[in-house]
Amino acid sequence: MILSERNTLFRLILIDKLLIGILRAGAMLAALVMLLILFFLVDESWPVLSKLSIVRFIDDASWHPLEGAYNLMPMLSGTVLTSVGALLLTIPLSLASALFIVFYAPIHLATLYKRLIELLSGIPSVVFGFWGLTTLVPLINQWNPPGASLLAAILVLTMMILPTVTLTAYTALAAVPEELLRNAAALGLSRWGMIKGVALPAAKTGIAAGIILAAARALGETMAVLMVAGNVVQYPETLFDPVRTLAANIALETAYAMGDHRAVLFVSGLLLMLLVMVLSGMAGLLEKQRHA
Amino acid sequence: MPKNLQLLLAYWFFIIIGIACTSSLQAQTKAATQRLVLTGSSTIAPLVGEIARRFESLYPGVRIDVQTGGSARGIHDVRKGIAAIGMVSRALKADEADLHAFVIAQDGVSIIVHADNPVRTLSREQIAGIYTGRITRWNVVGGADARITVVNKAEGRSTLELFLDYLQLKNSEIKPHIIIGDNAQGIKTVLGNPHAIGYVSIGAVEFEAQRGAPIRLLSLDGVEASVENVRQDIFPLSRSLNLVTSNEPHGWVQQFIEFARSSQVHDLVRAQYFVPVNTD
């Protein structure tokens, strides 16, 4: 297209300016929403934050908000344990799946397998929760009662974040330039040598990003965990002990909470948000190290 | 490019129109003249909120404001004249005889076990023993030789409150193995675990049991757990949900109370797993 007329050019510049303005407003809005959420959380939890010392949330005897005991630490540990457990299971499985799709499977099988994983990522979390409640929990119960446990939560979470990590790892591995792999092959590296020495290091950042995305989802997952974790507020001693996560705590109690009880639930929301912020801070640090 | 821009502009235009419409709607409702304030029990508030919404759609001139704060607040606010109607989730006490109470529904809680469990009935002491962790195996109370899985409700739920009141316990004394949120989750949990014991709203579990779910309602103090016995007020684990006023109600207050007791809201009452009253 030739823009000989000054008129057209002028109009294009105008449209560009306008579009930039709209995009900027959109970006600002997105950032503002995040800030507003934070402000809202602090505002709603202020009645107890100003009245009670922070120590109460760490040092109280238990979590019985109606009796004035507000220890959030067992739930923090529950949240971290379920997420870390799920990640420990997911990472090797997902990496194996992604490597299988990219390097080992014949093309038809790879496509089919990838479609299956994509389907898995589309299943709503409440379906996983119901499956867990009606199938997984009774199964674990036969083995070691009561069934609803840290283990059940970890397994259900693993099912949920597996597709995310697999698909991002697949994308990262598929984006490794073909010439790198050819060169590796030309140097006489075995297939595993090529994967370990070339493909994985080149796809490292993409894989790490997928893992962090999955970790954030695992920390915040509510319904599925609420249905299978047992929700008893305690530090678990074994994998078969029930736990409660921060997100499940909010979902369980918020519908009927009033006054201080309500405000403390917002504190647990704030704590969950801080946890996710720490996670994204870690992601930023990782990125920086890569560039340094 | 200009076409895209037009689309974008049209999009923003619609959003602005939408916002304008909702705010003018809000302004309209604010302009309504009659305002009815209800305060009190958080058990009743969700039900009354639903009833109020239906009432408002029938009589657009009235706006009903439902606030929670506990039964005590409901009594206090009605006496002080802050609220027109109080919501009280228990029968009135002797020193509250100056108030007028109108039952809008009954709330009953039933102890449930899996249908494979041979236990048919438990005494109050046995239930308290199981829930406080003194009794940990079913064979102690006449069941199979298996560990009991204690299912408790999340803090703040009305069924928990009623249950604790019946056993004269505090929630911190209970040693649960599983904590659940709503009734459906409680029923699913007991269905999946033959050694579990739990308690849920009677309306919810009778519905499931009639549809053939393998679940058993335990009778308490010799009274069979059924919606009918809750309605008759002879089942021990039940209470009445009341609307209270300071004077003989008239005008909109009277109309609202009559509406809340009528068969027009029975579906709303059942949806909250309460038992409707028979007024006609």
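The structure is a predicted model, in which local features need pLDDT of at least 70 and side-chain atom pairs count only at pLDDT 80 or more, while totals for chains, interfaces and linings use all residues. Residues are numbered from 1 along each chain as its sequence is written, and chains are lettered from A and ligands numbered from 1 in the order in which they are written.

**Between the chains.** Select chains A and B together. Here 30 residues of chain A are in contact with 26 residues of chain B; contact requires C-beta atoms, placed from the backbone, to lie within 7 Å. On the chain B side, at least two residues each come from helix H1 (2-30), strand E7 (178-180) and helix H6 (183-191). Helices (H or I, at least four residues) and strands (E, at least two) are DSSP runs, numbered from the N terminus. H1(B) gives the largest share, three residues.

**The core.** Next, select A:Ala152, A:Ala153, A:Val156, A:Val225 and A:Val228, which have the most contacts inside the largest nonpolar core, a set of 134 residues. Such a core joins buried Ala, Val, Leu, Ile, Met, Phe, Trp, Tyr and Cys residues through C-beta atoms within 7 Å, where buried means 20 or more other C-beta atoms within 10 Å of a residue's own. Helix H6 (residues 150-174) of chain A contributes the largest share, 18 residues.

**Domains of chain B.** Finally, colour domain 1 (33-106 + 240-276) and domain 2 (108-231) of chain B, whose bounds come from an automatic or database domain assignment. Their C-alpha centres lie 30 Å apart. Seven residues of domain 1 of chain B are in contact with nine of domain 2 of chain B.

Definitions and conventions:
Two residues are in contact if their C-beta atoms, placed from the backbone, lie within 7 Å. A residue is buried if 20 or more other C-beta atoms lie within 10 Å of its own, exposed if 12 or fewer, and partly exposed in between; C-beta atoms are placed from the backbone.
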